[in-house]
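Dear colleague,

Please find below the structure that I am handing over to you. A short account of the findings follows it.

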Amino acid sequence: MTAISENSCLIAIEGIDGAGKTTLVNMLKAYFESLGREVVSRPEPTNGKWGIKLRESAKSGRLSPEEELEYFLKDRQEHVETVIAPALRASNIVILDRYYFSTMAYQGARGFDPDDIRAKNEAFAPVPDFLFILDLDVEKALGRISSRGDKANHFEKSDALQKSREIFLSLASEPFVYILDARQSEREVFDEAISILDK
């Protein structure tokens, strides 16, 4: 049984669009539930008031940089207060499909200082126990987005994705950060994540 079988744990899955984050979230959720653990898995942006505004903007036209950052912060603060913190207090495993590192990456690509964004978030948002960054080159990521029948939105343009990828990779030296090669099969990515969690 995994080493985190008795305690709460916060796991964030990050990476540029098309890297396979949601698939890994679902596989990890099923794995921990098979061990009898209570698992809370949520995407960001959320389906709350601010998250809905952000999701709509991805299709209808991107918000100003300042508005977008403000909405992400408000959405995450609400998420922490209503879902993440209560689940951790209840000794659940929380798995997030994006977290504040995405804000650092995507808003950083719009010109904001990623370190400043991080500081604003960590004033209220818990640092994850494990951050898995699924790394994939931009061309491959855009190909995956297209192959699933989607059209790249305002967050998924090539130049922006490249800048976002670079910001994600700049986190590699953090002790809780693990870079996973997203060119691998879904099962290989999952197995690598589990081997890290078991240690």
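The notes below concern the aromatic pairs and one further residue.

This is a predicted model, in which local features need pLDDT of at least 70 and side-chain atom pairs count only at pLDDT 80 or more, while totals for chains, interfaces and linings use all residues. Residues are numbered from 1 along each chain as its sequence is written, and side-chain values use heavy atoms, with hydrogens and water left out.

The whole structure contains 11 aromatic pairs; rings of Phe, Tyr and Trp (its six-membered ring) pair if their centres lie within 6.5 Å, and planes under 30 degrees apart count as stacked, over 60 as edge-to-face and the rest as tilted. One of them joins Phe 101 and Phe 176, whose ring centres are 6.2 Å apart with the planes at 50°, so this pair is tilted. Phe 101 belongs to helix H4 (residues 100-108) and Phe 176 to the loop between helix H7 (158-169) and strand E5 (177-181), so the contact ties together parts 75 residues apart in sequence. Helices (H or I, at least four residues) and strands (E, at least two) are DSSP runs, numbered from the N terminus.

Phe 101 is buried, at 1% relative accessible area, and Phe 176 is buried at 11%. Buried means under 20% relative accessible area, exposed over 50%, and partly exposed in between (1.4 Å probe, protein chains only).

Tyr 106 and Phe 168 form an edge-to-face pair, 6.4 Å centre to centre with 75° between the planes.

Finally, Asp 191 in helix H8 (residues 186-198) is partly exposed, at 37%.

With kind regards
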